[in-house]
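Welcome! Let us walk through this structure together, one question at a time.

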Amino acid sequence: MSLIGPSKIDFGRPTGILNLWGGRLTQRLDLRALLVSAVVVAIAIAVALVTLTSGEFQIAVPEVVGALFGQATAKVHMVVVEWRLPRTSLALIMGAALGISGAIFQSLTRNPLGSPDVIGFDSGAYTGALIVIIVLKGTFYAVAGGALLGGIITALVVYLLAWRGGVQGFRLIIVGIGISAMLNSFNTYLLIRADLEVAMAAAIWGVGSLNGMTLERLAQVCAVLAVLVPAAFFISRPMRQIEMGDDAARSLGVNAEWTRLAMTIVGVALTATVTAAAGPIAFVALAAPQIAMRLTKSAGVALLPSAATGALLLGVADCLAQRAFAPTQLPVGIVTICIGGLYFAWLLMREARR
Amino acid sequence: MTDAARDVAAREDDERVGLAATNAQRGFWLLIAIGVLVFVLLASIAIGSKDIPLPTVIDALFNYNDSDDHAIIMALRVPRTVLGLGVGIALGLSGALIQALTRNPLADPGILGVNAGASFFVTLAVGLFGFTSISSYIWFAFLGAILATVLVYAIGSVGRGAATPIRLTLAGVAISAVLSGVQSGLELLNPATFDAMRFWRAGSLTAPGYDNIVVAAPFLAIGLVLAIVATRPLNAIALGDDLAASLGANITRTRVTVVISVTLLAGAATAAAGPIVFIGLMIPHIARWLIGADQRWIAALTIVLSPVLLLSADIIGRVVMRPGELQVGIVTAFVGAPVLILLARRRKVSGL
């Protein structure tokens, strides 16, 4: 029996069936989505290689590849593997995490504006970080901890306030709007009260920055995501059924309430990991699923293409953030929001023209 | 509550869309809201960081002499209240229109790029051209709001057919993102600009005298008229584009009218008072829950309730940190959000 076979059902697009353990675990494969994801990932890796070569100390591509496989001079090894590699690979990995998180929340809320911020995570994380930076004057790990704490508490409060014998998507959105608005106001207040220098440092954290990434942090982020990403793919299998509404999902055997809670937790955890490491990098979670949906011409958001697109988006943004105005280094969040926005606008126009 | 009982309760809620079931009840709610608005207007004139006894306040209004107290009332508090009234109406009404047009509960007046455009141009004015006074911001903000919306509409309507709400929304998200990105870049590279913008962003009604009102008033008036014209066909559009067209509503014309109206209202309000988006987001939801899904009633109630929220927040901002003040944009969310959450929890919320 073959591992991958053609589907017997006509889904209206090229579809394959992955068959494991003699049919005990099967997975429908959207071949176009797979192809697009593979191409996007390939481009992302190419961009990452370019990022690794360039900088104040130019290194040719073969040398970079050599360094990655441990065949380079000590100096090149240090520059490529210890200085540049953590930042560049974190850009790809965290972009993918944000893409998945965005896809989960857009599916969950059935709203193209859906993102982890819908349940107040980003606002809460910013509040936590602002309190640590401005009031407590804490270090990097304290800021990361404050952001995590703030974001998770906020998400929890929103979820509990929206709970009334179940969480309905619309009520979740409204409660999220309310809590986020209050926190944003509080953030503005903190920024106004602070000294200018402190406020600017806080604002730079607030747009997200990949400066100062180390191999150690790469390892930490990878360890967390190695658990979260498979969990996201596993939990999101009934995503399409839930998009059809709770009643339809239940009649198809999906426990809507538990699936939604699990998806929310994993989605928040993915964003939280990125936020703790690099601050709330804007727009990737919002744009990546929408861009991926248009690239794969699929009817809804999907995890794998969103992850690939997120990786490419943050990878390109990181490259530009370091090189566009060199030697001035922009926070990467500013670049993601600009190129993500421009590309998204172009995609919308192209889609409309046909 | 058992599952069955909850289902029954939910079904009853579904049938009765708003809290008010008849036009008499809707009128009753509107009258109450107007009463509250009058009270808040008077309170906004009577309450401030300086304690002025009520008889003196009344004297200042009807029997003006040049004393300090009278000057505070007529030159500061009355203009501020008028500005709050106009800005509140504009923000709320534009929010109601944009939510009805896009059928998206997350849509706020900023969705068409109004705030991003205004903020971007104010940043340019401060950062590149070195303007420092608030009164010179207003034209930049208004220009930015209009240009950004035109761009969003142009991108949203590329190709065959008119701009659909979903494409408008997404185009607005894209353009707002790019503008705010460039703006953050300018700010973070230039501390003086950052300093000015963090205060502008908080939003406030403290511009002295009638300058801002005079600039904003004509645009607010045109926007208001267009909004009222658009509310009836918006009811048809709520049923879906095909059904609306078969009922005789001109969809394209309605959309264009709404977009122009939102741009004028939100653009003028943002120019005059800074970006205070929460009112436009929240009040239409409240109005819909109180009064049902008819856009004409929603618009009417929104016009009354929005200044109530904005002015209450402004009054609270004046008294909580005496003698200092808290910007109205900061207080608004703290006054409004608990009400919104409470209402969202209290009943089965009606979607759009």
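Q: Does A344(B) count as buried or exposed, and what is its relative accessibility?

A: This is a predicted model, and the answer comes from its atoms. A344(B) sits in helix α14 of chain B, which covers residues 328–346. A residue is called buried when its relative accessible area is under 20%. A344(B) therefore counts as buried, with a relative accessibility of 0%.

Q: How far apart in space are A344(B) and W289(B), C-alpha to C-alpha?

A: Along the sequence, 55 residues separate A344(B) and W289(B). In space, the distance between their C-alpha atoms is 9.0 Å.

Q: How many helices and strands does chain B have?

A: Reading chain B from the N terminus, the elements run α-α-α-α-α-α-α-α-α-α-α-α-α-α. The count for chain B is 14 helices and 0 strands.

Q: What is the radius of gyration of chain B, and what does the globule rule give?

A: The C-alpha trace of chain B spans about 65 × 50 × 40 Å along its principal axes. For 352 residues the globule rule gives 20 Å, and chain B comes close to that, so it is as compact as a globular protein of that length. The radius of gyration of chain B is 21 Å.

Q: What share of the contacts in chain B with a separation of 6 or more is between residues 24 or more positions apart?

A: Buried residues make up 56% of the 352 residues of chain B. Turning to its contacts with a separation of 6 or more, the share from residues 24 or more positions apart is 74%.

Q: Which residues touch the most other members of the largest nonpolar core?

A: In soluble globular proteins, nonpolar side chains tend to be buried together. Here the largest nonpolar core holds 199 residues. Leaving out residues up to four places away in sequence, F278(B) touches residues of both chains, including I177(A), A181(A), A333(B) and L340(B). The members that touch the most others are M94(A) and F278(B).

Q: How many helices and strands does chain A have, and what is its radius of gyration?

A: The C-alpha atoms of chain A fill a box of roughly 55 × 50 × 45 Å along the principal axes. Chain A has 14 helices and 3 strands. A compact globule of 354 residues would have a radius of gyration near 20 Å, and chain A agrees with this at 21 Å.

Q: How far apart are the mean positions of the positive and negative charges of chain A?

A: Chain A carries 24 positive and 16 negative charges. Their mean positions are separated by 8 Å.

Methods: Residues numbered from 1 in each chain as written. Chains lettered and ligands numbered in written order. Predicted model: local features only at pLDDT ≥ 70, side-chain atom pairs only at ≥ 80, totals over all residues. Heavy atoms only, no water. Helix = DSSP H or I, 4+ residues; strand = E, 2+ residues; numbered from the N terminus. Rg over C-alpha atoms; globule rule 2.2 N^0.38 Å. Buried < 20%, exposed > 50% of the residue type's maximum accessible area, 1.4 Å probe, protein only. Contact = heavy atoms within 4.5 Å. Core = buried A, V, L, I, M, F, W, Y, C linked by side-chain atoms within 4.5 Å. Lys, Arg positive; Asp, Glu negative; His and termini not counted. Charge placed at Lys NZ, Arg CZ, Asp CG, Glu CD.
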